[in-house]
Amino acid sequence: MTDVIFARVAHVLAVVLWIGGVAMVTTVLLPAIRRNYPVAQRFAVFHALETRFANQARVTTFVAGASGFYMTWRLDAWDRFRSLGFWWMHGMVLTWAVFTAMLFVLEPLVLERLLARRAAQAPESTYRRVEWLHRVLLGLGLLTIAGAVAGSAGGNLFNW
Ligand code: HEM
């Protein structure tokens, strides 16, 4: 069982660094840039600072996903996906899939160019959209963490 404990430790550390970083970007970095830079520069400044975090997030997302699937396999917990009571298992996979798609496919192939073009034409609304996107992603991450911590201890966040 020590390998499952090791996987759980890696899983939680990866989630802490990853979602903690999303919280930092959402609640500190984006508002600070909005307050301290003229609208035309905001997106470029954000992009320059966020690139380093995006690279870290690619690693932590990968570790969280690999350790998560490993635990599911070792605990033989696949049948949980058939029960709505285990919504937090679906939540974990959904959150992971959304971030994986954003970080590995959408951002490098589509979003980066699309947002840079939009920011040149409509900087105010593009920056607001980027802020809202981060708020939604942070909300999804926090809800998933709350559900998973309660669920893995045998509870259910919405039905005690
Ligand atoms: C491919 C995606 C993922 C899979 C397959 C997965 C799978 C698992 C499994 C099997 C457990 C152990 C459950 C138990 O002990 O009964 C777990 C725990 C946990 N997961 Fe995930 N997970 C994934 C992604 C995520 C994500 C994206 C988050 C957060 C944003 C997350 C947060 C947690 C937390 C907080 C725990 C509870 C740790 C504890 O209280 O000991 N997981 N995960």
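Residues are numbered from 1 along each chain as its sequence is written. Because the model is predicted, local features need pLDDT of at least 70 and side-chain atom pairs count only at pLDDT 80 or more, while totals for chains, interfaces and linings use all residues.

**Exercise 1.** Determine whether Ala 97 is buried or exposed.

*Solution.* Ala 97 belongs to helix H3 (helices are DSSP runs of H or I, at least four residues, numbered from the N terminus). A residue is buried with 20 or more other C-beta atoms within 10 Å of its own, exposed with 12 or fewer, and partly exposed in between, C-beta atoms being placed from the backbone. Ala 97 has 11 other C-beta atoms within 10 Å and is therefore exposed.

**Exercise 2.** State where H3 bends.

*Solution.* H3 spans only 41 Å between its end C-alpha atoms, whereas a straight helix of 35 residues would span 51 Å at 1.5 Å a residue (the expected span is 1.5 Å times one less than the number of residues). A bend of about 75° lies at Leu 106, and Pro 108 follows within four residues. The bend is the angle between axes fitted to the seven residues ending at a residue and the seven starting there.

**Exercise 3.** Identify the helices against which the buried residues of H3 pack.

*Solution.* The buried residues of H3 include Trp 88, Met 92 and Phe 99. The buried residues of H3 pack against H2 and H4 (contact requires C-beta atoms, placed from the backbone, within 7 Å).

Methods
Helices (H or I, at least four residues) and strands (E, at least two) are DSSP runs, numbered from the N terminus. Two residues are in contact if their C-beta atoms, placed from the backbone, lie within 7 Å.
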